[in-house]
Amino acid sequence: MTGSPRNRSRLRSGFLPRRTSRPSGAGALASGALAVTVLATGCGVVPGAGGDGDEPITVMTWAPEKTSATNKPGMPAFAEAYARWVNAGGGIGGRRLDVITCNERNDAVAASRCARTAVKENVVAVVGSYSQHADAFLPALEGAGIPYIGGYGITTDEFTSPLSYPVNGGQPALLAGLGRVLADACGPVTLIRPDTIAGDQLPPLLDSGLSAGGHGPAADQRAAEEATEYAGQAERALEASTTDPEAEGCVVPALGDRTSTFMDSFRRARADHPDVRTATVLGSVDQTTLNTAGGASSPYEGSYVTGWYPASSDELWDPMKDVIRREAFGDNRIDPADAGVQTTWIAYTVFRQVVESLGGGEVSADTVTRTLNSGLKVGTGGLTPTLRWKSRDKLAAVGFPRMVNAHVTIQEVRDGRLVSGRDGFIDVTDTLHDTDLV
């Protein structure tokens, strides 16, 4: 069930200190209805159906499912579909790909448990996963030398760990890019964000983009991550964003899955205030959200949205959609417009190229890590710039030494559709370089 045996001699020094997460208590539960084996920790494993008899390559993908906050069930579900697809074609380099999935549950204890399972199962990498609790899972992966490829970029820790290989610029790039756009388009700006450790990192990132465009900082408004309504927050956001009668203000909800809950409250409250524009980041809104919110009549109409990748309607996504059509037709957990599913596709694209570059040699956590650190250039079919992880990069000075892709796309909501608002990518490396995160 594992890759080739690993060298157990590991680097254990030089990691940056981590902030302690807030306590939480739920354990991990089973993930993935297609799992044929259920581990004691609540993780499922889906064996492939190809290969030439060599030992299979085992990886893990985790994400929160069935929680009262952000959920990303499409990420592990797509990882399972990807394994079926690649194995139907003979595996990777003739080796079957086994994917273990785990429900991270938006919980530090569960995230740590998933990581410990990854170590126990001797996986060669954790690929295309989502968690707010990097301080809970990264120490276990670092101690075992397991690379973390293509996390969602929800925490700063993902851009500091020497074993993290992010494929996008995470929340830092999205917020900085959004701030740069809003600097030219908005009067007063108000950010509504979770009252969490991860949420604490968002205001200076948005402000860095605003500052780069000569705009003052946004009003920072905290909100409970698991609230069922946000009437008070919506009222205060509207008041803060309409203080300048000469310039239309902007309200920026960045609450993940709870953004739609905020917008329900916002829709009712805005009738009593001057017009404001809304803006957010991909992950807090997608096409499915727009459809359920009323399409062209939704409160998102006219919103700016920053993303990491081209719009989901772009033909560059056709290979991913083909995998979904072939291996997960009818699986409503997998939305090709979801940024988590898209990130998982790109992460597995990276992993496949790493393994193929090894030829018929050993595939282990060590060899995967060494290959990534050697400067391997990875193409993603135009979905990102060419990816290449270096030991240090321009953003190391501001605490993002592992960020190698600070490009974002600008999208807009027009007639209820999320469409490209500007051709190509915007590089916010220089904006982030000037960010004050202290």
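A salt bridge is taken here as a side-chain nitrogen of Lys or Arg within 4 Å of a carboxyl oxygen of Asp or Glu. The model is predicted, so local features need pLDDT of at least 70 and side-chain atom pairs count only at pLDDT 80 or more, while totals for chains, interfaces and linings use all residues. Residues are numbered from 1 along each chain as its sequence is written, and side-chain values use heavy atoms, with hydrogens and water left out.

Begin by selecting R352 and E356, whose side chains meet in a salt bridge with N and O 3.1 Å apart. Both residues lie in helix α11, four residues apart, about one turn of the helix; helices (H or I, at least four residues) are DSSP runs numbered from the N terminus. R352 is partly exposed at 25% relative accessibility, and E356 is partly exposed at 42%, where buried means under 20% relative accessible area, exposed over 50%, and partly exposed in between (1.4 Å probe, protein chains only).

Of its 104 residues, L97, L182, F262 and F351 touch the most other members. Helix α11 (residues 339–357) gives the most to this core, namely 10 residues, and at least three residues come from each of domain 1 (57–168 + 315–405) and domain 2 (171–307), with bounds that come from an automatic or database domain assignment.

Centre the view on F351 and show its contacts (heavy atoms within 4.5 Å). Beyond its neighbours within four places in sequence, F351 is in contact with I57, V59, I92, L97, V124, A125, V127, I149 and V368. A second, separate core of 17 residues can then be coloured, with W62, C114, V126 and L138 among its members.

Return now to the charged pairs, for which the count comes to 13 salt bridges. Select E327 and R84, a salt bridge in which the closest N and O atoms are 3.9 Å apart. E327 lies in helix α10 (residues 318–327) and R84 in helix α1 (residues 74–88), so this pair ties together parts that are 243 residues apart in sequence. E327 is partly exposed at 24% relative accessible area, as is R84 at 22%.

Staying in helix α10, select D322 and R325, which lie three residues apart, about one turn of the helix, and whose side chains form a salt bridge at 3.1 Å, N to O. Finally, select R193, D200 and D220, which are linked in a network of salt bridges.

Terms used:
A nonpolar core is a set of buried Ala, Val, Leu, Ile, Met, Phe, Trp, Tyr and Cys residues joined through side-chain atoms within 4.5 Å. Helices (H or I, at least four residues) and strands (E, at least two) are DSSP runs, numbered from the N terminus.
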